[in-house]
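Work through the exercises below with the model open. Each task is followed by a stepwise solution.

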Amino acid sequence: MSLIDRVADQLRDRRWVVLTGAGVSTDSGIPDYRGPDARPAAPMMYGEFAGSLEARRRYWARSFQGWRQIGVARPNAGHRALVRLEAAGLAGVVTQNVDGLHEDAGSSRVIDLHGRIDQVICLDCGLRVSRATVQDQLEQLNPGIGPAEQLDHAELRPDGDAVVAEWDDFVLVDCERCGGRLKPDVVFFGESVPRDRVAAAYSLVDEGEVLLVAGSSLTVMSGLRFVRHAWKAGRPVIIVNRGETRGDEFAMIKIEDGTSEVLGRLSEELTTAGTTESR
């Protein structure tokens, strides 16, 4: 019996949940931090961003360029397969990604654990505005910055951050309501995930009889804790990821392959079987 068949047997006629990471979005042109093709990168820390005007200028100059690629990314075959798998018991998605591609694909229940890069929040008054609006304002304030070439894994990061050599003269956009500090509405490294969002994710995981992890190395605790939680509750854990993960010891089944391919094959196996049985 193939690994795909074994996974399908675990999911068939059950209610299950998927936890996704950056590996699900690589086929949409968004790189990951820790996959086999990723190159070392030092993300902006929350304390640095919040406490330093220089750091915010550097971050926004990079993010301004990165958004030109992240902002046009579209769902791939893996995202679309997860939508179809809702008909085969998938209760919902907990995602560590901030790109919003699960919602764009049509998934009906998604918890964006680390927020959404297409929204911007004021750290001082809490006002939220769309990233597209802020990007337009940045374009007007920084007219001399032309479109970047296609950014590769060495320059572009999953949160839309990109390497930019010159940023000292970059002009920032301030909050239109209070003049405060604007930040993409995503959880930075060194920042905590909101408690209500964590609680909602645990609740969704508890609805499932199986937890499937797709495209995450589970390096950070924000994702690994759900794997440990499901395992302690006696629920099967299945991991689909290229390369080693911190959750491998908890996995009943591990498939080292691309998420688009595996999720697509599971969709064919489970939804076709269900259609055939209903006839």
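**Exercise 1. Over which residues does pLDDT stay under 50, and how many contacts beyond four places in sequence does the model have there?**

Step 1. pLDDT is the predictor's confidence in each residue, from 0 to 100. It stays under 50 over residues 149–158.
Step 2. A contact means heavy atoms within 4.5 Å. For residues 149–158 the model has 36 contacts beyond four places in sequence.
Step 3. Residues 160–164 also have pLDDT below 50, with 23 contacts beyond near neighbours in sequence.
Step 4. Where pLDDT is low, the predicted coordinates should not be read in detail.

Local features need pLDDT of at least 70, side-chain atom pairs count only at pLDDT 80 or more, totals for chains, interfaces and linings use all residues, and side-chain values use heavy atoms, leaving out hydrogens and water.

**Exercise 2. Give the strand order of the open sheet of 3 strands.**

Step 1. Strands (E, at least two residues) and helices (H or I, at least four) are DSSP runs, numbered from the N terminus. Two strands pair if DSSP finds at least two bridges between them.
Step 2. The order is E5-E4-E6, with antiparallel pairing.
Step 3. Strands E5 (128–130) and E6 (182–186) are the edges; each pairs on one side only.
Step 4. From one strand to the next, the twist averages 45°. Axes are lines fitted to C-alpha atoms, for helices over the stretch in contact; angles run from 0 to 180 degrees between N-to-C directions.
Step 5. E4 (residues 115–122) is joined to E6 by 4 bridges. Cys122 has Leu182 in E6 as its bridge partner.
Step 6. Helix H6 (residues 131–141) lies across E4, E5 and E6, at about 70° to E5.

**Exercise 3. Which residues are linked with Arg116 in a network of salt bridges?**

Step 1. Asp118 and Arg116 meet at 2.6 Å, N to O.
Step 2. The network links Glu103, Asp112, Arg116 and Asp118.
Step 3. Asp118 is partly exposed, at 23%.

How values were computed
Residues numbered from 1 in each chain as written. Salt bridge = Lys/Arg side-chain N within 4 Å of Asp/Glu carboxyl O. Buried < 20%, exposed > 50% of the residue type's maximum accessible area, 1.4 Å probe, protein only.
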